[in-house]
Amino acid sequence: MTPKFFATRAHLLVCQGPNCQARGSGLLQRALWNHLEQSALAYYKKGGSLRLTESGCLGACSYGPALCVYRAQPGGNGALEQAWYAAVDFPLARRIAQAAHEEGPLPGDHRYGPHEG
Ligand code: FES
């Protein structure tokens, strides 16, 4: 039996470390999951493209909830693009997900860590 392959455009990770959990990352993860489901953005939905995973500490413990996203650079040569966000609320998480799905520019606010520009 061959496993079914689902195309993925981007992978979002929401920190579930203790500091981020104390700042609501559990609720953020559930809200974002529900949004991906209901908006058919989840990779296993028809036309969907996003994966969402809980992660361990992303190194921004004092500024959580933290979220990072990885994707192939749109229109690029297959290079990996990454963006890391601190103090993420649901509206920002939704904007990040939408931009990742549409292969548009990722939001520039609340970014930290390695990124260009
Ligand atoms: S606990 Fe979330 S960044 Fe460290």
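## Exercises on a predicted model

**Exercise 1. Locate Tyr-44, then decide whether Tyr-44 is buried, partly exposed or exposed.**

Step 1: Tyr-44 sits in the loop between H2 and S2. Helices (H or I, at least four residues) and strands (E, at least two) are DSSP runs, numbered from the N terminus.

Step 2: Before going on, please note that this is a predicted model, in which local features need pLDDT of at least 70 and side-chain atom pairs count only at pLDDT 80 or more, while totals for chains, interfaces and linings use all residues. Residues are numbered from 1 along each chain as its sequence is written, and side-chain values use heavy atoms, with hydrogens and water left out.

Step 3: Buried means under 20% relative accessible area, exposed over 50%, and partly exposed in between (1.4 Å probe, protein chains only). Tyr-44 has 29% relative accessibility, so Tyr-44 counts as partly exposed.

Step 4: Now look for partners. Not counting residues up to four places away in sequence, Tyr-44 touches Phe-6, Trp-33 and Glu-37; contact means heavy atoms within 4.5 Å.

**Exercise 2. Work out how H2 and H3 pack, and which residues meet.**

Step 1: Two packed helices are described by the angle between their axes and the distance between the axes. Axes are lines fitted to C-alpha atoms, for helices over the stretch in contact, and angles run from 0 to 180 degrees between N-to-C directions.

Step 2: For H2 (residues 25-38) and H3 (residues 90-102), the angle is about 40° and the axes are 10 Å apart. H2 and H3 are therefore oblique to each other: angles under 35 degrees count as roughly parallel, over 145 as roughly antiparallel, 65 to 115 as roughly perpendicular, and the rest as oblique.

Step 3: From H2 come Leu-28, Ala-31, Leu-32, His-35 and Leu-36, and they meet Phe-90, Ala-93, Arg-94 and Ala-97 of H3. This contact holds seven nonpolar residues, one polar and one charged. Here Ala, Val, Leu, Ile, Met, Phe, Trp, Tyr, Cys and Pro count as nonpolar, Asp, Glu, Lys and Arg as charged, and the others, Gly among them, as polar.

**Exercise 3. Find which members of the largest nonpolar core touch the most other members.**

Step 1: A nonpolar core is a set of buried Ala, Val, Leu, Ile, Met, Phe, Trp, Tyr and Cys residues joined through side-chain atoms within 4.5 Å.

Step 2: The largest such core has 22 residues, and those touching the most other members are Leu-12, Leu-32, Leu-36, Leu-50, Leu-67, Val-69 and Tyr-85. At least two residues come from each of S1 (10-15), H2, S2 (50-55), S3 (67-72), S4 (80-85) and H3. H3 gives the most, with six residues.

**Exercise 4. Compare Ser-49 with Pro-105: is each one buried or exposed?**

Step 1: Ser-49 is found in the loop between H2 and S2, and Pro-105 in the loop between H3 and S5 (111-112).

Step 2: Ser-49 has a relative accessible area of 2% and is buried, whereas Pro-105, at 76% relative accessibility, counts as exposed.

Step 3: Leaving aside neighbours within four places in sequence, Ser-49 is in contact with residues including Ala-7, Thr-8, Leu-41 and His-101. With neighbours within four places again left aside, Pro-105 is in contact with Arg-71 and Ala-99.
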